[in-house]
Amino acid sequence: MDLRNAGVTDTRVLAAIERIPRETFVEEAFLDQAYANQALPINCGQTISQPLVVGLMTQALELGDRQKVLEVGTGSGYQTAILSKLARRVYTIERHRDLMADAEQRFKALKFHNITTMVGDGYKGWGAQAPFDRILVTAAARIVPPDLVAQLSDEGGIMVLPVGDSSGLQQEVIRVRKDGKQFKSERLFPVRFVPLVQGVPQESEK
Ligand code: SAH
């Protein structure tokens, strides 16, 4: 996959993607497809995002290396790893404890020291650590979660998230820019993500 030709032109983003071994984040059964431009199944019925979508969403964040980022939907931890190369600190929330345990192992193995994790409901964000310069959501919400808007820095904060229905057929990535109490949103491109689900799972959901 030539990410550059497909629209990922930010050289810092391309370099970060090149430096993260995606094979570390996929399940063993899909190792042969680790570098294909495809979303792949991970545990708990979730998916690791498609590399092109990771590239385009990361680029849309316009990340600076002194920034503090919140990610909602850790999943495999692949997107988190890329953010950790580009930002000062990454706070990441996942609702499935088992997925977070696997992601934490990978961060440890790859020696990332600027990632802070939490198992919880990312729909509510991480109030204790707010405000965030950047917020990236990697599961589709029906509406822009109000707590996340509130936790975004009002000095040029940017949030990128897929918004749309849970079937995945009508979702779009949206970018919200916040300045003071004003915000603007723009529609970027269509995508297909698993839904953002409120609350943490019960035992029976695993
Ligand atoms: N960025 C991930 C993609 C994971 S798929 C990767 O690169 O692998 C989306 C993830 O969001 C799933 O793991 C799902 O469990 C999680 N998720 C869904 N709703 C959530 C919520 N309210 N809070 C935290 N995580 C959530």
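Student: Is the crossing of H1 and H3 left-handed or right-handed?
Tutor: The model is predicted: local features need pLDDT of at least 70, side-chain atom pairs count only at pLDDT 80 or more, and totals for chains, interfaces and linings use all residues. Residues are numbered from 1 along each chain as its sequence is written, and side-chain values use heavy atoms, leaving out hydrogens and water. If the near helix is turned clockwise from the far one by less than a right angle, the crossing is right-handed; if anticlockwise, left-handed. For H1 and H3 the crossing is right-handed.

Student: How is H1 oriented to H3?
Tutor: The axes of H1 (residues 11-19) and H3 (residues 78-86) come within 9 Å and cross at roughly 125 degrees. Angles under 35 degrees are roughly parallel, over 145 roughly antiparallel, 65 to 115 roughly perpendicular, the rest oblique. That angle therefore makes H1 oblique to H3.

Student: Which residues of H3 make the contact with H1?
Tutor: Contact means heavy atoms within 4.5 Å. H1 contributes Arg-12, Val-13, Ala-16, Ile-17 and Arg-19. From H3 come Tyr-78, Ile-82, Lys-85 and Leu-86.

Student: How many residues of helix H2 are buried?
Tutor: Buried means under 20% relative accessible area. H2 (residues 51-60) is largely enclosed by the rest of the structure, because its buried residues number ten of the ten.

Student: What do the buried residues of H2 pack against?
Tutor: The buried residues include Leu-52, Val-53, Met-57 and Gln-59. Their partners are H1, H3 and the strands E6 (134-137), E7 (155-164), E8 (171-179) and E9 (182-191).

Student: How many aromatic pairs does the structure hold?
Tutor: Rings of Phe, Tyr and Trp (its six-membered ring) pair if their centres lie within 6.5 Å; planes under 30 degrees apart are stacked, over 60 edge-to-face, the rest tilted. The aromatic pairs in the structure number three.

Student: How far apart in sequence are the parts tied together by Phe-25 and Tyr-78?
Tutor: The two ring centres lie 5.7 Å apart and the planes stand at 65 degrees, so the pair is edge-to-face. Phe-25 is buried at 0% relative accessibility, and Tyr-78 is buried at 3%. Phe-25 sits in the loop between H1 and strand E1 (40-41) and Tyr-78 in H3, so the parts tied together are apart in sequence by 53 residues.

Student: Which residues form one aromatic cluster?
Tutor: Tyr-91 and Trp-126 have ring centres 5.3 Å apart and planes at 80 degrees, so this pair is edge-to-face. Tyr-91 lies in strand E4 (residues 89-94), and Trp-126 in the loop between strand E5 (115-119) and E6. The one cluster is formed by Tyr-91, Trp-126 and Phe-132.

Key
Axes are lines fitted to C-alpha atoms, for helices over the stretch in contact, and angles run from 0 to 180 degrees between N-to-C directions. Helices (H or I, at least four residues) and strands (E, at least two) are DSSP runs, numbered from the N terminus. Buried means under 20% relative accessible area, exposed over 50%, partly exposed in between (1.4 Å probe, protein chains only).
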